[in-house]
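Hi everyone, thanks for making the time. Please have a look at the structure on the screen, and I'll walk you through it.

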Amino acid sequence: METSLLYPVTNDQRTDQKLDGLWQFKFDEAGEGEKSGWETGFHDGVSMPVPASFNDFFTDKASREYTGDFWYSRNFFVPSAAKGKALFLRFDAVTHRATIFVNGKEIRTHEGGFLPFAADISEAVKYGAENTVVVKGNNELSREALPAGDTITLRNGKKMVRPFFDFYNYSGLNRSVHLLSLPQERVLDYTTTFALAGNDATVNYTVETNGDAPVTVSLADADGQVVATAQGKQGALQVQNAHLWQVRNAYLYTLTIQLGDDTQTPLDTYTDRIGIRTIKISGTDILVNDKPIYLKGFGRHEDSPFAGRAFDLNVEKKDFALMKWIGANSFRTSHYPYDEQVYKIADEEGFLLTDEVPAVGFKMAAAAFLGGLNQSFFKGPWLKKLHERHIDQIRDLIKRDKNHPSVLAWSLFNEPDTIDENAVPYFKQIFDESKDLDPQGRPRTFTLSEDDTIETSKVLDFPDFYMLNRYPGWYHFGGYQISDGEAGLRDEMDKWQKAGVKKPVVFTEFGADTEAGLHKLPSVMWTEEYQVEVLKMFSRVFDDYDFIKGEQVWNLADFQTVEGNMRVNGNKKGIFTRDRQPKAAAFFYHDRWNKLPLDYKAK
Ligand code: GCB
């Protein structure tokens, strides 16, 4: 677990300098990097933008599909004025694992391609001089790591990944790199919880520091007026007439933490924007600020042309514009934690998000078209290591994202094999160990694939609400048979109803692959008309069952996957194309969702 995952800020005590731009890049197919001294830096690679996935910049297939070790190198200047400060390099994400060298010295390693980590470089740098940072990355997949897959070797000697999941294995420095200069005595972390009473609210907080300096915490409203202050590492801020953070009507306060006796010349200052709101599950209701809400939105991917899985503020801006236009209020960060800027935008725009760890592919029979294997995933020598990494990433995810008002719930798996008895002890461990990690006690859940039903799944006691991924009309009962698909879906929902389902059910995946621009009357599968028919069918079913408390269609936009006979240059279930233009389905949802009230189905 990381010591501190606070998002970088710049103020009188802290500086955050991004090291984005062009780095030097090399593949290391022969494993010669260390032998040839690459860790000390190199200039004979190709230039590579950061942040970006390296894959799509190459025009030859062997490079695009490259699997194994790869290296990034660049110089950076450390000013003399930084002497005496705690200096860190912060990597927002290196996919999937990294070893960091500064001036040839190994500083640390990190496992997991979607969460940040920081390396203390105070002892390794030269002050008032150029320094070198080198990252040795690796993008192999295995059953011991998240997301799960295999790495195979072709007969020509080239390695290749076989993901047990349906998104392209985009790799590299996918998010920003920061040079941080921090005070020696500093804030490491903080937490907030909320209690509402009439018009007032209490913000309970804890602050973790690495010293004994006194702590002052203050809260300012959106106009910058300080509305409450408190002293100590633990305390309560009383807010009269609190402005609550509401879904699609956000209000953010600024929380300022200062260390030291004198707040005019503090030892450290950390500032963040928070929203006051509560989240509860009560029976089949999802409550925000004690009021029932209905989720409308998407499963998404961080995916766009050119830079692959890189975070791109422009794409993000566009995606939020589209989600607002269409009347959505929520999304799932399928199938991994997203860049922290996504959560900041969601905080500001009042979107709710379900925050997912990359525990995807925990089912080898899944994605049979990707070459699925008929084996039990939850039985094998890889489980111990996998579990360590899984819980470690849950810890870091919750540590990183716990103060975002937009985070509704934690998704601990996507479509694991839960009809397998062997899954039960694994689930128990993960749910037990993650129980107290979130001070706000948000719901924890995971998605159930079509195989995992109220009759077959062995782990239905664990989630606080159910997330269902269902594909009638596409993977089965497609085309003219869609009426049987609808009948089957209703049969399934009748069973949930008869069983007296006591928790909310949210549909987190459903949809149909659709080639934009393909039209036919009457419809056939893959046309825009057919996608609309499938989505209308689902909407009819959702409207008929009160315990269904949300619809998040798969997917916001078309996205890249491995190639195969089930994928035409990627997954085409987007409501928008990969370049974010609307298919006919976008106008269907624009009409439906802009009409559905936030408290749809509230009694
Ligand atoms: C699923 C997966 C998602 C796939 C989707 C599909 O169940 O969770 O990753 O992309 O189905 O389109 O097949």
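Let me begin with a term: a polar contact is a pair of N or O atoms within 3.5 Å; within protein, one atom must be able to donate a hydrogen and the other to accept it, and residues adjacent in sequence count only if both atoms are side-chain atoms.

Now some housekeeping. This is a predicted model, where local features need pLDDT of at least 70 and side-chain atom pairs count only at pLDDT 80 or more, while totals for chains, interfaces and linings use all residues. Residues are numbered from 1 along each chain as its sequence is written, and side-chain values use heavy atoms, with hydrogens and water left out.

Asp-339 caps the N-terminal end of α3, with a side-chain oxygen 2.8 Å from the backbone nitrogen of Gln-341. Is a residue buried or exposed? Buried means under 20% relative accessible area, exposed means over 50%, and partly exposed is in between, using a 1.4 Å probe and protein chains only. The buried ones are Glu-340, Gln-341, Val-342, Tyr-343, Ile-345, Ala-346 and Asp-347.

Stepping back to the whole chain, we have eight helices and 30 strands. The radius of gyration, taken over C-alpha atoms, is compared here with a globule rule of 2.2 Å times the number of residues to the power 0.38. For this chain the radius is 24 Å, close to the 25 Å that the rule gives for 603 residues, so the chain is as compact as a globular protein of that length. Its C-alpha atoms fill a box of roughly 70 × 70 × 45 Å along the principal axes. And of the 603 residues, 60% count as buried.

On to the ligand. Which residues are the closest to it? There are 13 residues around the ligand, and the closest are Asp-166, His-335, Glu-415, Tyr-475 and Lys-573; a residue counts as near if one of its heavy atoms lies within 4 Å. That shell divides into four nonpolar, four polar and five charged residues. For that tally, Ala, Val, Leu, Ile, Met, Phe, Trp, Tyr, Cys and Pro count as nonpolar, Asp, Glu, Lys and Arg as charged, and the others, Gly among them, as polar.

An N or O atom in the side chain of Asp-166 is 2.5 Å from a ligand oxygen. For Asn-571, a polar side-chain atom lies 2.8 Å from an oxygen of the ligand, and for Tyr-471 the distance from a side-chain N or O atom to a ligand oxygen is 3.4 Å. The protein covers 91% of the 320 Å² of accessible area that the ligand has on its own; accessible areas come from the Shrake-Rupley method with a 1.4 Å probe, and for residues only the protein chains shown count as cover.

Last topic: salt bridges. The structure holds 49 of them, each being a side-chain nitrogen of Lys or Arg within 4 Å of a carboxyl oxygen of Asp or Glu. Take Lys-402 and Asp-189, which meet at 2.8 Å, N to O. This pair links distant parts of the chain, 213 residues apart: Lys-402 sits in the loop between α4 (383-401) and β26 (407-414), and Asp-189 in strand β13 (residues 187-197). Both residues are buried.

Next, Asp-290 and Lys-280 have their closest N and O atoms 2.6 Å apart. Asp-290 is in the loop between β21 (285-288) and β22 (291-293) and Lys-280 in strand β20 (residues 279-282), so the pair ties together parts that are 10 residues apart in sequence. Asp-290 is partly exposed at 44% relative accessibility, and Lys-280 is partly exposed at 40%.

Finally, Glu-356 pairs with Arg-332, with closest N and O atoms 2.7 Å apart. Glu-356 lies in strand β25 (residues 352-356) and Arg-332 in strand β24 (residues 330-332), so this bridge ties together parts 24 residues apart in sequence. Glu-356 is buried at 0% relative accessibility, and Arg-332 is buried at 0% too. Salt bridges with shared partners also join Asp-166, Asp-513, Arg-567 and Lys-573 into one network.

Conventions: Helix = DSSP H or I, 4+ residues; strand = E, 2+ residues; numbered from the N terminus.
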